[in-house]
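Good morning, and thank you for making time for this item. Please look at the sequence and the model on the screen while I go through them.

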Amino acid sequence: MARSDRIEKEVAGISRLQRDELVALWITAHGHPPPRGVKRGLLERSAAWHLQSRRLGSHSKAVRRFLRQGIASLATTDEAVLKDTDSGVSGSAKPAASDPVARPAPPPALPALASGTRLVRTWNGRPHVIDVVEDGFVFEGKTFRSLSAIARRITGTRWSGPRFFGIAGR
(Lines give C-alpha, C1' and ligand atoms only; values in the text may rest on other atoms or scores of the structure.)
Protein backbone atom coordinates (compact mmCIF):
# COMPACT_ATOMS: atom_id res chain seq x y z
CA MET A 1 0.00 0.00 0.00
CA ALA A 2 1.40 3.42 -0.99
CA ARG A 3 2.22 6.00 1.66
CA SER A 4 -0.54 8.39 0.46
CA ASP A 5 -3.10 5.54 0.55
CA ARG A 6 -2.17 4.74 4.17
CA ILE A 7 -2.52 8.39 5.16
CA GLU A 8 -5.89 8.65 3.38
CA LYS A 9 -7.08 5.56 5.25
CA GLU A 10 -5.92 7.01 8.60
CA VAL A 11 -7.62 10.35 7.90
CA ALA A 12 -10.85 8.54 6.95
CA GLY A 13 -10.64 6.64 10.25
CA ILE A 14 -10.75 9.87 12.24
CA SER A 15 -14.50 10.16 11.60
CA ARG A 16 -15.02 6.88 13.49
CA LEU A 17 -13.33 8.13 16.67
CA GLN A 18 -15.37 8.97 19.76
CA ARG A 19 -15.57 12.61 20.82
CA ASP A 20 -13.39 12.02 23.90
CA GLU A 21 -10.73 10.50 21.62
CA LEU A 22 -10.89 13.57 19.36
CA VAL A 23 -10.57 15.83 22.43
CA ALA A 24 -7.50 13.86 23.53
CA LEU A 25 -5.95 14.35 20.07
CA TRP A 26 -6.72 18.10 20.30
CA ILE A 27 -5.01 18.32 23.70
CA THR A 28 -1.98 16.48 22.36
CA ALA A 29 -1.76 18.77 19.33
CA HIS A 30 -2.59 22.12 20.94
CA GLY A 31 -1.51 21.64 24.56
CA HIS A 32 -4.91 22.57 26.01
CA PRO A 33 -8.54 21.41 25.78
CA PRO A 34 -10.68 22.67 22.91
CA PRO A 35 -12.84 25.74 23.58
CA ARG A 36 -16.29 25.04 24.95
CA GLY A 37 -18.85 24.37 22.25
CA VAL A 38 -16.37 23.28 19.58
CA LYS A 39 -18.22 21.16 17.07
CA ARG A 40 -17.13 17.66 16.16
CA GLY A 41 -16.27 18.69 12.60
CA LEU A 42 -13.56 21.09 13.79
CA LEU A 43 -12.12 18.43 16.10
CA GLU A 44 -11.97 16.02 13.16
CA ARG A 45 -10.37 18.56 10.80
CA SER A 46 -7.79 19.49 13.42
CA ALA A 47 -6.91 15.83 14.00
CA ALA A 48 -6.68 15.21 10.25
CA TRP A 49 -4.46 18.23 9.66
CA HIS A 50 -2.09 17.31 12.48
CA LEU A 51 -1.92 13.69 11.36
CA GLN A 52 -1.05 14.78 7.80
CA SER A 53 1.48 17.36 8.95
CA ARG A 54 3.26 14.72 11.08
CA ARG A 55 3.37 12.26 8.16
CA LEU A 56 4.00 14.67 5.27
CA GLY A 57 5.57 17.66 6.99
CA SER A 58 4.10 20.96 8.05
CA HIS A 59 4.15 24.29 6.24
CA SER A 60 7.40 25.34 4.61
CA LYS A 61 9.56 28.00 6.25
CA ALA A 62 8.42 30.50 3.61
CA VAL A 63 4.73 29.85 4.38
CA ARG A 64 5.32 30.10 8.16
CA ARG A 65 7.18 33.40 7.63
CA PHE A 66 4.32 34.69 5.44
CA LEU A 67 1.74 33.74 8.10
CA ARG A 68 3.78 35.40 10.88
CA GLN A 69 4.05 38.60 8.83
CA GLY A 70 0.30 38.56 8.16
CA ILE A 71 -0.49 38.10 11.84
CA ALA A 72 1.93 40.89 12.77
CA SER A 73 0.33 43.25 10.25
CA LEU A 74 -3.14 42.45 11.63
CA ALA A 75 -1.93 43.18 15.15
CA THR A 76 -0.51 46.50 13.97
CA THR A 77 -3.78 47.32 12.19
CA ASP A 78 -5.84 46.52 15.29
CA GLU A 79 -3.64 48.76 17.41
CA ALA A 80 -3.98 51.58 14.88
CA VAL A 81 -7.77 51.24 14.88
CA LEU A 82 -7.85 51.33 18.67
CA LYS A 83 -5.66 54.43 18.72
CA ASP A 84 -7.85 56.14 16.10
CA THR A 85 -11.04 55.37 18.02
CA ASP A 86 -9.71 56.37 21.42
CA SER A 87 -12.04 59.00 22.87
CA GLY A 88 -9.20 60.60 24.80
CA VAL A 89 -10.05 58.78 28.02
CA SER A 90 -7.39 56.36 29.05
CA GLY A 91 -8.94 52.91 29.31
CA SER A 92 -5.69 51.13 30.01
CA ALA A 93 -5.06 52.48 33.49
CA LYS A 94 -5.62 49.77 36.08
CA PRO A 95 -7.42 50.76 39.28
CA ALA A 96 -5.49 50.50 42.50
CA ALA A 97 -6.04 47.29 44.44
CA SER A 98 -7.27 49.35 47.40
CA ASP A 99 -10.00 51.05 45.32
CA PRO A 100 -13.25 49.53 46.63
CA VAL A 101 -15.29 50.53 43.56
CA ALA A 102 -12.82 49.57 40.86
CA ARG A 103 -14.64 48.98 37.58
CA PRO A 104 -13.38 47.60 34.28
CA ALA A 105 -12.51 50.15 31.63
CA PRO A 106 -15.24 50.72 29.05
CA PRO A 107 -14.72 49.20 25.61
CA PRO A 108 -13.21 51.49 22.99
CA ALA A 109 -15.73 53.55 21.02
CA LEU A 110 -16.66 52.39 17.56
CA PRO A 111 -15.18 54.35 14.70
CA ALA A 112 -17.57 56.97 13.33
CA LEU A 113 -18.82 56.06 9.89
CA ALA A 114 -18.82 59.01 7.54
CA SER A 115 -21.82 59.61 5.33
CA GLY A 116 -21.09 58.04 1.95
CA THR A 117 -19.27 55.03 3.41
CA ARG A 118 -20.32 51.72 1.89
CA LEU A 119 -20.31 48.47 3.89
CA VAL A 120 -20.43 45.13 2.12
CA ARG A 121 -21.05 41.83 3.93
CA THR A 122 -21.44 38.49 2.22
CA TRP A 123 -23.91 36.21 3.98
CA ASN A 124 -24.81 32.73 2.69
CA GLY A 125 -23.04 33.46 -0.58
CA ARG A 126 -24.94 36.70 -1.25
CA PRO A 127 -23.34 40.14 -0.91
CA HIS A 128 -25.33 42.76 1.03
CA VAL A 129 -24.51 46.43 0.45
CA ILE A 130 -25.24 49.10 3.07
CA ASP A 131 -24.70 52.81 2.46
CA VAL A 132 -24.10 55.15 5.39
CA VAL A 133 -26.22 58.32 5.21
CA GLU A 134 -26.69 61.27 7.59
CA ASP A 135 -29.74 59.78 9.33
CA GLY A 136 -28.78 56.10 9.38
CA PHE A 137 -28.07 53.28 6.95
CA VAL A 138 -29.69 52.46 3.60
CA PHE A 139 -30.24 48.80 2.83
CA GLU A 140 -32.38 47.56 -0.08
CA GLY A 141 -33.83 51.06 -0.57
CA LYS A 142 -34.96 51.43 3.05
CA THR A 143 -33.33 53.58 5.75
CA PHE A 144 -32.53 51.88 9.06
CA ARG A 145 -31.44 53.59 12.28
CA SER A 146 -29.04 50.80 13.29
CA LEU A 147 -26.74 48.22 11.76
CA SER A 148 -28.17 45.66 14.18
CA ALA A 149 -31.60 45.99 12.57
CA ILE A 150 -30.04 45.34 9.17
CA ALA A 151 -28.06 42.35 10.47
CA ARG A 152 -31.29 40.92 11.91
CA ARG A 153 -33.05 41.47 8.59
CA ILE A 154 -30.27 39.66 6.70
CA THR A 155 -29.80 36.72 9.08
CA GLY A 156 -33.18 36.38 10.77
CA THR A 157 -31.48 36.34 14.19
CA ARG A 158 -30.19 38.93 16.64
CA TRP A 159 -26.68 40.12 15.89
CA SER A 160 -24.54 43.01 16.98
CA GLY A 161 -24.62 45.07 13.79
CA PRO A 162 -21.09 46.49 14.19
CA ARG A 163 -19.73 42.99 14.84
CA PHE A 164 -21.69 41.49 11.92
CA PHE A 165 -20.27 44.10 9.55
CA GLY A 166 -16.74 43.78 10.97
CA ILE A 167 -16.37 47.23 12.48
CA ALA A 168 -16.65 46.32 16.18
CA GLY A 169 -13.63 46.62 18.42
CA ARG A 170 -12.04 43.38 19.52
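Predicted model: local features only at pLDDT ≥ 70, side-chain atom pairs only at ≥ 80, totals over all residues.

A residue is called buried here when its relative accessible area is under 20%, exposed when that area is over 50%, and partly exposed in between. On that basis, buried residues account for 19% of the 170 residues in the protein chain.

Let me begin with the overall layout. The protein chain contains six helices and four strands. Read from the N terminus, the order of elements is α-α-α-α-β-β-β-β-α-α.

I turn now to helix packing. Two packed helices are described by the angle between their axes and the distance between the axes. Helix α1, residues 3-13, and helix α3, residues 40-56, have axes that come within 10 Å and cross at roughly 160°. Angles over 145 degrees count as roughly antiparallel, and α1 and α3 are therefore roughly antiparallel to each other. The crossing of α1 past α3 is right-handed.

Next, the charged pairs. Side chains of opposite charge can pair when their charged atoms come close. How many salt bridges does a search of the whole structure find? The search finds four, and I shall discuss three of these.

R40 and E44 are four residues apart in α3, so about one helical turn separates them. R40 itself is partly exposed, at 29% relative accessibility.

Another joins R118 and D131, whose closest N and O atoms are 2.7 Å apart. This pair links distant parts of the chain, with R118 in strand β1 (residues 118-123) and D131 in strand β2 (residues 126-133), 13 residues apart. R118 is exposed, with a relative accessible area of 54%, whereas D131 is partly exposed, at 24%.

There is also a salt bridge between the side chains of E140 and R126, at 3.2 Å from N to O. E140 sits in the loop between β3 (136-139) and β4 (142-144) while R126 belongs to strand β2, so the pair ties together parts that are 14 residues apart in sequence. R126 counts as partly exposed because its relative accessibility is 45%.

Finally, the surface. Which residues form a nonpolar patch there? They are V63, F66 and L67, which together have about 290 Å² of accessible area. Of these, V63 is found in helix α4, residues 61-85, and is partly exposed at 34% relative accessibility.

Thank you for your attention.

Conventions. Residues numbered from 1 in each chain as written. Heavy atoms only, no water. Patch = residues over 30% accessible without salt bridge, like charges linked within 9 Å, V, L, I, M, F, W, Y side chains within 5 Å. Areas by Shrake-Rupley, 256 points an atom, 1.4 Å probe, with all protein chains shown as cover. Helix = DSSP H or I, 4+ residues; strand = E, 2+ residues; numbered from the N terminus. Buried < 20%, exposed > 50% of the residue type's maximum accessible area, 1.4 Å probe, protein only. Axes fitted to C-alpha atoms, helices over the stretch in contact; angles between N-to-C directions. Parallel < 35°, antiparallel > 145°, perpendicular 65-115°, else oblique. Left-handed = near helix turned anticlockwise from the far one by under 90°.
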